Amino acid sequence: MADTLKLTTSAAKRVAWIAEKQSKPAILRLSVEGGGCSGFQYKFDLAEAAEGEDSVSETDGVKLVVDPISLDLVSGSVVDFVESLGGAAFRVENPNAAAGCGCGSSFGI
């Protein structure tokens, strides 16, 4: 899946930092749920391990895992961690999204 979904170095560093603080493995789970102002929304969680059919990519020792249904909606995306005056957040640059919202946490296809 390395070509399908990518975790930037900045995002990998942030996941590693959060995982260390919570004494968990450095595994970020990205999933997509219905809802949000544009139809779908991204959900991020730390995972204990990848599950059976998950797709897995790795950057600097940090894993990004995505279930098969969510992967259909985020294939080709880049997950980044951005800090600005407005705050700090994980952002998904999704080439499949036809619409998005100002906060960057929801999208439409």
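1. Buried here means under 20% relative accessible area, exposed means over 50%, and partly exposed is in between (1.4 Å probe, protein chains only). Helices (H or I, at least four residues) and strands (E, at least two) are DSSP runs, numbered from the N terminus.

2. Before going on, a word on the source: this is a predicted model, in which local features need pLDDT of at least 70 and side-chain atom pairs count only at pLDDT 80 or more, while totals for chains, interfaces and linings use all residues. Residues are numbered from 1 along each chain as its sequence is written, and side-chain values use heavy atoms, with hydrogens and water left out.

3. Which strands pair with E2? E2 runs parallel to E5, joined by four bridges, and pairs with E3 in the antiparallel sense over seven bridges. Two strands count as paired if DSSP finds at least two bridges between them. On the E5 side, Arg-29 stands opposite Val-65; towards E3, Leu-28 stands opposite Leu-46.

4. For the overall layout, the protein has two helices and nine strands, in the order β-α-β-β-β-β-α-β-β-β-β from the N terminus on. Buried residues make up 35% of its 109 residues. Among contacts between residues at least 6 apart in sequence, 52% join residues at least 24 apart; a contact means heavy atoms within 4.5 Å. The accessible surface comes to about 6000 Å², of which 49% belongs to carbon and sulfur atoms. Accessible areas come from the Shrake-Rupley method with a 1.4 Å probe.

5. Phe-44 belongs to strand E3 (residues 40-46) and Phe-90 to strand E7 (residues 87-93), so the pair ties together parts that are 46 residues apart in sequence. For the cut-offs, rings of Phe, Tyr and Trp (its six-membered ring) pair if their centres lie within 6.5 Å; planes under 30 degrees apart count as stacked, over 60 as edge-to-face and the rest as tilted. Phe-44 is partly exposed at 24% relative accessibility, whereas Phe-90 is buried at 17%. Together with Phe-81, Phe-44 and Phe-90 form one aromatic cluster.

6. What does the side chain of Thr-59 reach? Thr-59 is found in strand E4 (residues 55-59) and is buried, with 14% relative accessibility. Leaving aside neighbours within four places in sequence, Thr-59 is in contact with Leu-7, Thr-8, Thr-9 and Ala-12.

7. Finally, two backbone angles to look at. Most residues other than glycine have a negative phi. Ser-23, however, has a positive phi near 55°; this residue sits in the loop between helix H1 (9-21) and strand E2 (27-34), and is exposed at 68% relative accessible area. Asp-60 also has a positive phi, of about 50°, although it is not a glycine. Asp-60 lies in the loop between E4 and strand E5 (62-66) and counts as exposed at 58% relative accessibility.
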